[in-house]
Amino acid sequence: MTTTIEWTEETWNPTTGCDRISAGCDNCYAATLAKRLKGMGSAKYQTDGDPRTSGPGFGVAVHPDTLDAPLRWRQPKRIFVNSMSDLFHARVPREFVGKVFAVMAATPQHTYQVLTKRPDRMARILNDLAWRSSVYLRESTLDLRGPAREIPPWPLPNVWLGTSVEDQRAADLRIPALLDTPAAVRWLSCEPLLGPVDLGGWLPCGRCGARNPCLRRTTTTCCAAASRPASGPSTG
């Protein structure tokens, strides 16, 4: 679905719902929007979450009927995966995560932006050779028009994997897990930035996760981005 988020072009929500796990989840736009969408009768937002950590319409749910959406988008797009959820939430089955990755593998014309506050689970899943084999198996069975496809390389070159860093504690917990995750591109979201973050000389590099001499300039950029009004999400 077309979105007003300035750093992407489309959103794709094969799962919806989440639970708060840190201060960066306070005032979650997705939880507020899910409550409204539930009241409007939107079918994807009828699962209620735990009121202590989630809310009306924001319980974790998977939507197999939306998996094929990127297969129908012929023109290349930059796609934010799960603007209304976290793909690596514990209640999203590994098998379903594999189905999402199979679609991404089958559509190399698109660039996918995946963002999680649970990079530890992401690292465990993506480093699992048996799970990776299941992704290739599912990708090979997708009914796509056109010439036969070559086996996609790993990590998938069109998938960017990122994590949210709102304060120093989150950085210390999540960045090492992100660096342990096989990824063609790694990225950080610094929104909301709740305090100063010393990255300790480490910045996830797009190709290798190596030390980056531009740490201070990048940190300043994150601070400036956090001060801007957040763009509105899309629920597609």
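Modeller: A residue is called buried when its relative accessible area is under 20%, exposed when that value is over 50%, and partly exposed in between. The model is a predicted one. Tyr136 has a relative accessible area of 21%, and is therefore partly exposed. Trp154, by contrast, has a relative accessibility of 18% and counts as buried.

A search of the whole structure finds eight aromatic pairs. One of them joins Trp131 and Trp154, with 6.1 Å from centre to centre and 75 degrees between the planes, an edge-to-face arrangement. Trp131 belongs to helix 4 (residues 129-141), while Trp154 sits in the loop between helix 4 and strand 6 (159-164); the pair therefore ties together parts that are 23 residues apart in sequence. Both Trp131 and Trp154 are buried.

Trp154 has a further partner in Tyr136. Because planes over 60 degrees apart count as edge-to-face, the pair of Tyr136 and Trp154 is placed in that class: the ring centres are 6.2 Å apart and the planes stand at 75 degrees. This pair, too, links distant parts of the chain, since Tyr136 is in helix 4 and Trp154 is in the loop between helix 4 and strand 6, 18 residues apart.

Notes:
Residues numbered from 1 in each chain as written. Predicted model: local features only at pLDDT ≥ 70, side-chain atom pairs only at ≥ 80, totals over all residues. Heavy atoms only, no water. Phe/Tyr/Trp six-rings, centres within 6.5 Å; stacked < 30°, edge-to-face > 60°. Helix = DSSP H or I, 4+ residues; strand = E, 2+ residues; numbered from the N terminus. Buried < 20%, exposed > 50% of the residue type's maximum accessible area, 1.4 Å probe, protein only.
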